[in-house]
Each structure stands twice: as structure tokens, then as C-alpha cells.
Amino acid sequence: MALSTLAQSQVRPVGSPNGLRIAFVNVQWGDGIVIVGPTGTCMVFDGGPNGMGTQAMVPAMKKLGVSRIRYVVASHYHGDHIGGIDEVMNALPFDEVWDRGTRNTSGFAGSYTTYVNAAGSKRKTVSLGQVFDLGGGAKATVLAYDGNVLGSSTRHAIDSTSNYENSASIVVRVDYGDFSCWLGGDLTGGGSRYDMETPVSRVCGDVDVYLANHHGWDDGSNQNLLDTIDPEVCVISCSHKNTHNVPHRATLDRMSTTTKNRLVISTTPGAGEPGFTSGGTMLLATDGWRYTISSETGASVELYTDEFAGNTPTPGDLVISEFQREPSFFWGEYIEVFNRSGSPINLRGLVVRANNGSFEVAAPYRLLPRRSLLLAQHGDASRNGGLPFAHSWPARAVILHDDADNIEVAHGSKSLERVSYGSGFAGGLGKAAERVDVEIGAASNNFETATRTYGSKDYGTPGAANSVASPLAWPLRVGVERLDAATPGGGALHFFESTNRWTGKVIALGLSLGKTPGIPVGPTLIPLRADALFAIVDGAPGFVGVVPPEGLQAIRLPIPKNSGLTGLPAFCACYIYDPKGPPFVPEASDAVRFVFP
Ligand SMILES: [Zn+2]
């Protein structure tokens with residue numbers, strides 16, 4: 001019987017993404033990227049300007065446990081990309097150094113000469129379609145270099161255009177499972193420069209993460225590129241208060257629009273334009289179907305790759321847990337959304353509306369049960385009043401009215417929730433309105449004025465538990481995340497158990513093919529059927545655990561290929577029980593239906 005294959009499955013907790021890691025190092029003005037494959041193979045793609053190799057790149061590599069560099073790649077020969085490479089090569093052993101070759105290099109001195117000398121005999125020229133093996137199934141593929149584009153034998157006439165050195169940048173696409181990322185140095189996209197972005201983006205195709213060409217300069221990140229590679233996350237590497245006004249307003253407006261509000265994140269606050277998040281050195285980690293991005297402050301967000309559909313929110317799943325409508329800081333408005341359902345929710349397609357505008361989130365955030373996400377007018381903590389890591393909506397797309405407004409969250413045509421405020425509503429100047437109980441509706445009497453301060457001086461608890469909420473009991477809930485057989489790592493079911501009432505108590509997950517008539521245990525009915533499936537998992541290792549202090553437990557049940565279960569519908573429920581003494585179940589969750597992947 002197919003069900004018996006489950007008995008051999010190794011159930012274990014769902015951990016953090018473990019596989020490919022990419023550090024976008026804060027090298028101030030320049031690019032410096034460290035990539036570490038699943039088996040430890042390291043690639044350095046650009047090394048920042050002079051001094052930053054020693055100051056920023058080497059410490060970042062040590063943090064990642066790198067002791068040897070397999071590949072050094074120089075995107076092109078400007079000092080903000082190769083200035084620090086010799087420092088990296090002097091600090092750690094390296095095997096191969098790859099660049100665009102020696103065409104048009106006679107005028108270069110300084111950083112270029114130092115780079116050439118440090119690379120010595122290990123220096124080689126890349127070729128189109130060349131694959132850098134990063135181990136464990138991860139790779140980086142050369143799509144373009146020095147005017148050559150994969151799939152064409154005609155070299156683009158970049159030499160006579162202005163700033164051809166930027167146009168000559170090497171472009172690689174990094175892949176691991178369903179995750180993909182564009183790295184392209186200072187590739188140019190038009191205006192007075194040669195448009196290399198349009199042809200290269202066509203051979204690249206869709207990616208998840210885009211390292212902005214040329215630090216967010218308006219001569220890169222053209223509309224063709226953004227439409228074609230359609231990233232969910234744009235990363236910008238530039239210096240704080242730079243004199244080039246980068247990232248440029250026009251670039252940010254292309255990257256993040258009201259109908260496609262991507263996560264735009266920069267190593268520094270740049271020159272002062274609003275509408276993106278700044279995070280210092282950022283570490284990305286992926287297991288091929290999801291990825292986390294952690295900022296230098298330790299804040300972290302998790303996203304799905306764009307191949308993963310996940311659970312879309314339905315009314316009641318996602319609520320507005322807090323908002324700041326009249327901050328002391330001009331860019332300090334925020335709206336906090338909270339997942340009160342039992343399952344992770346994919347926030348891609350979330351629409352946020354106020355009376356004067358709206359935006360639709362394009363970043364596929366994986367919002368776990370009982371966790372919140374902060375959406376903010378601006379993601380720069382130095383200008384938003386000191387908010388923790390916040391997703392920035394397009395600048396001015398929504399401006400909350402100080403006195404009266406309607407905030408609505410929706411998904412597609414479904415309205416999820418609406419909060420209407422007017423005179424007498426909680427919050428006000430420098431004070432957020434906090435929801436008292438997420439389990440009940442958004443009426444005005446369920447909001448109170450925040451009593452604790454954050455960041456600079458305003459009142460609120462952005463991204464954290466509300467100050468006005470007493471620790472109310474959460475109902476015991478179960479949720480499911482389905483990973484089909486094509487998901488990197490294989491087919492699996494992730495079950496989520498959430499409750500704060502039974503911390504330290506024993507919790508069990510039950511599965512069955514039907515949910516009636518239910519299994520009575522004393523006064524409690526476990527809404528499952530005592531059938532063959534129930535018997536297999538009842539008390540099995542991994543299905544029984546202890547409620548952790550944070551109140552959320554996630555366990556992974558791998559479903560082997562050809563299990564014979566694919567498409568079979570079933571139910572899950574979790575329940576608290578006392579392993580000592582007579583059978584006693586003080587609480588059981590509702591049953592949730594799922595289909596085997
Ligand atoms: Zn540059």
C-alpha cells in the first residue's frame with residue numbers, strides 16, 4: 001500500500017534556507033559580490049574600490065567561512081570594481097581569475113596594472129556560455145562580455161560609444177534550483193550609452209534577483225531589461241551621499257511602480273531619493289525554492305522564487321495590525337500586516353489602497369503564520385524615524401491622511417480587510433494606532449494608541465508585538481505548504497502548528513483520509529478519521545513535538561517520487577495531549593484539507 005511509504009519518511013523541522021549564499025558587500029561606491037556554493041566553492045565577482053578589498057570584502061568572506069577562492073571575476077576594469085580585487089587575492093589563496101580580455105586596455109594604469117600583476121599567470125579571458133561550476137548544482141553562466149552576447153557571432157559596436165568600458169562588462173546569470181540572479185557590472189542600457197541591456201536581457205530571461213547595473217544609474221536598468229528579466233528583488237550597490245545622485249529617481253521609478261512594487265534594496269541610503277530599503281552588506285541564502293535576505297542589522301525577510309505559487313491570502317488570513325499615519329518624520333508612514341492564518345502566505349499580488357492611491361506588491365514574500373511584514377513609505381532608517389527592515393512602497397504611491405482615511409488590503413479582486421479611521425480614532429501625531437486583538441474585526445474600538453517608542457522618538461512597535469495587546473491566547477491552528485515533486489529538494493509537505501497557550505506541552509500532528517466522524521478523546525473531538533493514514537502517523541517520530549516558546553512549529557514531511565500518493569486528498573489537524581496518565585486532549589485544531597504532491 002502506498003501509504004506505507006510515509007512510514008519511512010524522515011520527518012524533520014523546516015530549517016533556514018541552506019544551499020547557495022550570495023553576499024552583496026557594502027563597498028561604498030562600487031560592486032563587491034561574494035558567492036558561496038552549497039559545497040563551499042567560492043566566486044568573487046568584483047572586489048569594490050581600492051581599500052574595500054581589505055576593509056569589507058575579506059571580512060565578509062571570513063564571515064562566510066571562505067578560506068580559498070575558486071574563481072575571481074572582474075566585470076570590467078573600472079577602479080570601483082577591480083580596485084579591491086588585488087587586496088582579496090593577497091589575503092586568500094585563489095585558483096582562477098577571469099575577465100573580458102585585453103582589447104582597449106592600453107590607456108589603463110593604476111588599479112588595472114595592480115590587478116593584472118596580482119592575477120599573474122592565473123588570468124584568463126571568459127567565453128560566451130562558459131559555466132562556472134559552484135558545486136552542488138549551483139552555477140554561473142557567462143551571457144555577455146566585451147560587446148559579445150551569447151547566441152550571436154556579431155560583436156556589438158560598443159568601442160566608439162561613450163563609456164564603452166561599462167558597456168564591455170561581463171554579465172553572468174547565477175542559478176541554483178529555481179533561484180536565479182543577474183550580475184552585470186556597469187552594463188549600459190541606452191541614452192548616450194550603447195544599449196547592451198536589451199540584447200543581453202533576452203538571453204538571460206526571467207530571474208528572481210537583479211543586481212542593478214551601474215549602481216542604479218539612469219543609463220542602466222532600462223525598461224526592456226526590467227520587463228524581460230522581470231526580477232522580484234532589485235539590489236543596488238552605491239555609496240551614501242554620493243555626488244552622482246544615485247540611485248537616480250528615474251531608475252527607482254522604473255524598478256518599483258504602483259502596479260509592480262518590487263523589493264528595492266540598497267547597500268546604503270544613496271543620495272537621498274526615497275522609495276527603497278537600505279541594509280548595508282546584505283546576505284542572501286537560498287535552497288532553490290525560497291530565499292532569505294538579511295541586512296547588516298540582523299533583520300531578515302523571506303521570499304519564494306517566482307516558480308513557487310504558495311498559498312494566496314483569502315479574507316481573514318491577513319489583517320492590518322498597526323499603522324503610523326502622522327509620523328514626526330516625513331518619510332515615516334508605515335502599515336504593518338499580520339498573518340493570522342495557520343499557513344505561510346505568498347504576499348505577491350497584495351494590493352494596498354488608501355483614499356489617494358494604491359500599490360501592488362510584486363515581491364513574493366513568504367509570510368509565516370503569526371508573523372508581520374512592515375510596509376513603509378521609505379526603507380531608509382535614517383529618514384523614516386528608525387524603522388526596522390521595511391519593504392518600501394513606491395515613493396508617494398500612498399500617503400495616509402492625518403485625519404481620516406480608509407486603508408484596505410486586497411488580493412486580486414478579493415478585499416481582505418479595510419480599516420477606516422476618522423476623528424477619535426487611536427493614534428495621531430507621532431503615535432501609531434495598534435490593533436488590540438488580531439482575532440477580531442478592524443472596528444475603531446479594536447485599535448489603541450501605542451504606548452512604547454521606537455527608533456528616534458515616535459510611538460509604535462513596527463515589526464514587533466503591539467504594546468497595547470495583552471498576550472491573548474491564539475487558537476491552536478494547523479496549516480500546510482505544498483511543495484510539488486518538481487520543487488528543488490523534492491516533493492514535501494510542510495505542516496505548521498501554532499499556539500501560544502500550550503508552550504512546553506506535547507503537540508501531535510495527525511493525518512487522515514477523512515475528517516468525520518472525528519475521534520473523541522474525553523470532551524475534545526480531534527476532527528480526523530481513525531483510518532489507515534491516521535494509524536501510520538499516530539505517535540510516529542517527528543509527528544510529535546513540544547510547543548516552542550515562539551509558538552510556531554514547522555515540520556517537513558518529504559514525499560518520495562512515485563509514492564503513489566500524488567493527487568490523493570487528505571486532512572491534517574494538530575492536538576495537545578498529556579502523554580502521562582489517561583488520554584487527555586485539552587485542545588485540537590480544526591482540520592485542514594490538503595492534496596499529496
Ligand atoms: Zn561601477
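In the predicted model, 68% of the contacts between residues at least 6 apart in sequence join residues at least 24 apart. The secondary structure of the protein consists of 10 helices and 40 strands. Of the 597 residues, 54% are buried.

The overall dimensions were examined next. The C-alpha trace spans about 85 × 65 × 40 Å along the principal axes of the protein. The radius of gyration is 26 Å, which agrees with the value near 25 Å that a compact globule of 597 residues would have.

Strand 23, formed by residues 350–354, was considered in detail. Because four of its five residues are buried, strand 23 is largely enclosed by the rest of the structure. A residue counts as buried here if 20 or more other C-beta atoms lie within 10 Å of its own.

Strand 23 pairs with strand 28, which comprises residues 405–411. These two strands run antiparallel and are joined by four bridges. Within this pairing, Arg 353 lies opposite Glu 408 of strand 28.

Strand 23 is also paired with strand 24 (residues 357–360), again through four bridges and in an antiparallel arrangement. Here Val 352 has Phe 359 of strand 24 as its bridge partner.

Technical notes: Residues numbered from 1 in each chain as written. Predicted model: local features only at pLDDT ≥ 70, side-chain atom pairs only at ≥ 80, totals over all residues. Buried ≥ 20, exposed ≤ 12 C-beta atoms within 10 Å, placed from the backbone. Pairing = 2+ DSSP bridges. Rg over C-alpha atoms; globule rule 2.2 N^0.38 Å. Contact = placed C-beta atoms within 7 Å.
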